Amino acid sequence: MEQDIYPSAKELYSVLCRLRKDVLSRGDSLYRQWKPLIQRRHFTYSAWNLAFYLALRCHDLRKIQRSLLPFGLSSLGRGEARAITNLDAVMASLGRICQEPEQNLVPYPQQRRFFYGDGLLAYNTGRIFGTAKTGTRIMVTLPTEAAEDNGILIRDLVAAGMDCARINCAHDSKELWGTMISYIHRAEQETGNHCKVYMDLAGPKVRIESVLLRYGEARVMPGEQIFLVSGSISTYPEEYKGNIVISCSIPEIFEHMEAGHPVLIDDGKIRAIVEKVTPEGAYLTITYTKPLGGKIKNEKSLNFPQTPVELSPLTDKDKEDLDFVVQYADAIGYSFVKSAADVSLLQKELQQRCGKAYRQIALVAKIENKEVVDNLPEIIVQAASKQPLGIMIARGDLAVEVGYRRLAELQEEIMWICEAAHVPVIWATQVLENLVKKGLPSRAEITDAAMGERAECVMLNKGPYIVEAVTALTNILLRMEQHQHKKTSQLRALHIAQHMFENGKS
């Protein structure tokens, strides 16, 4: 282990000096590219800090971290919200330990600089999820029944600790959404608690549009073949001898599909690989199902992790829904966003409806695939430069796209980047799922819910025991807040940071 640390304080200090010089150069260059975009004063320091944090995380800092420990100095593992300030404080102390000449010493940063980023994150969290309490907020997806019980469920949820109600625009109608919103405001008056309204745009749904069974049932096993048609369901090739033919809601996928590309069905419960692409569509070979097989059904999801899909994240339905959403929502959820250009597209639609007032509406970008992870810094800058921004880690969709083995790693990277930009994060998908649906949580999901304290908001999905789940989650988060705030990290070079600089973006 001794070879994994620098042998002397002098050598360590020299390494830190070179590191600081590189970080200042790269970070300043990146920030100057972003600065003309910034129209929101509260984001100026955040963009500056994000630029320097990305420059810092291009380096593998683990040897430096270990070398700092014997001197009782910060390991740099909690510097997301204050990248340069944290580095300067370490160098100021180490320089004095090394008895460097006074003119060469880095001055100690002002104390207020250490907590300024934390204050900005708290402010941004309050703008989106409310200021009624500190700590991690709770969001709940409202079911249709919430509009049909005279407001009882919503009142109970607000009383139990729901800070933000999620209305999914993929379901129900404007009339039902309006009823839910009226019940939310009534519950605020009755309970004295505040609750924000978050409305999720549906976006383009990539699903099985129809299923044709040539014989037998719609169950498949590994090794079997199905055919994905590019046109109508009956246009499969004559030589296809298999049982199942399916069509896709986005035929544009065939423009980029190639043999060897994976295809995931029903959130990855059934997996296949493209064997051959023909003018009529593609032959798919099933590679994974549950032990007793998997059933192919209409409307189940399709994912194409390695096949580029050029789809607008805003559908005609989304634009129609926006006319309603901008009148009532405190925050708008944006699905299938992949780039800064996608964010700009929604901002233009909002500006057409609200003028400059659109900048008061918060935007929540949902992280659902690897492409959006790579482009996260640019997405953050485009969005947060103009309006309050939150990031939702849609762990279910992200796991399907990148594989469950990479989910935890990417989740950490997203949270680091967001904290550096002082952007609140929503921890979503299957939180306390068993408790919500069955009334009894598993031990593992209690731990998962507790780890949600590292985010600024935790989202629960609908279910018959949702009020009990909100009560339990409130208790878990309150307990965890007494023990933990974020965490200390091992600073291996960060993929997102390297991606920014390797692709000529600075």
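In the predicted model described here, the axes of helix 6 (residues 152–160) and helix 16 (residues 466–481) come within 9 Å and cross at roughly 10°, where axes are lines fitted to C-alpha atoms, for helices over the stretch in contact, and angles run from 0 to 180 degrees between N-to-C directions. Helices (H or I, at least four residues) and strands (E, at least two) are DSSP runs, numbered from the N terminus. Helix 6 and helix 16 are therefore roughly parallel to each other, given that angles under 35 degrees count as roughly parallel, over 145 as roughly antiparallel, 65 to 115 as roughly perpendicular and the rest as oblique. On the side of helix 6 the contact (heavy atoms within 4.5 Å) is formed by Leu153, Asp156, Leu157 and Ala160, and on the side of helix 16 by Ile466, Val467, Val470, Thr471 and Thr474. Sorted by class, these comprise six nonpolar, two polar and one charged residues; Ala, Val, Leu, Ile, Met, Phe, Trp, Tyr, Cys and Pro count as nonpolar, Asp, Glu, Lys and Arg as charged, and the others, Gly among them, as polar.

Residues are numbered from 1 along each chain as its sequence is written, and side-chain values use heavy atoms, with hydrogens and water left out. Since the model is predicted, local features need pLDDT of at least 70 and side-chain atom pairs count only at pLDDT 80 or more, while totals for chains, interfaces and linings use all residues.

The secondary structure of the protein consists of 17 helices and 17 strands. The radius of gyration, taken over C-alpha atoms, is 25 Å, close to the 23 Å that the globule rule gives for 506 residues, so the protein is as compact as a globular protein of that length; the rule is 2.2 Å times the number of residues to the power 0.38. Along the principal axes, the C-alpha atoms fill a box of roughly 85 × 60 × 50 Å. Of the 506 residues, 54% are buried, a term that denotes under 20% relative accessible area, with exposed over 50% and partly exposed in between (1.4 Å probe, protein chains only). Among contacts with a separation of 6 or more, 78% are accounted for by residues 24 or more positions apart.

Beyond residues up to four places away in sequence, Gln347 touches Tyr358, Gln382, Ala383, Lys386 and Gln387.

Two further buried residues were examined individually. Leu376, in helix 11 (residues 376–384), has a relative accessible area of 0% and is buried. Although Leu376 and Ile417 are 41 residues apart in sequence, their C-alpha atoms are 8.0 Å apart in space, and Ile417 is among the residues touched by Leu376, together with Ile367, Ile391, Ile414 and Cys418, when residues up to four places away in sequence are not counted. Val220 belongs to strand 5 (residues 219–220) and is buried, with a relative accessible area of 1%. Leaving aside neighbours within four places in sequence, Val220 is in contact with Ile226, Ile244, Ile270, Ile286, Thr289, Gly293, Gly294 and Ile296, whereas the C-alpha atoms of Val220 and Leu105, 115 residues apart along the chain, are separated by 68 Å.

Several loop residues were also considered. Pro464, in the loop between strand 17 (457–460) and helix 16, is exposed, with a relative accessible area of 63%, and touches Val436 and Lys437, not counting residues up to four places away in sequence. Asp267, in the loop between strand 8 (262–265) and strand 9 (270–278), has a phi near 55°, a positive value in a residue other than glycine, and is partly exposed, with a relative accessible area of 41%. Gln430 has a positive phi near 60° and is found in the loop between strand 16 (425–428) and helix 14 (433–438), where Gln430 is exposed, with a relative accessible area of 53%.
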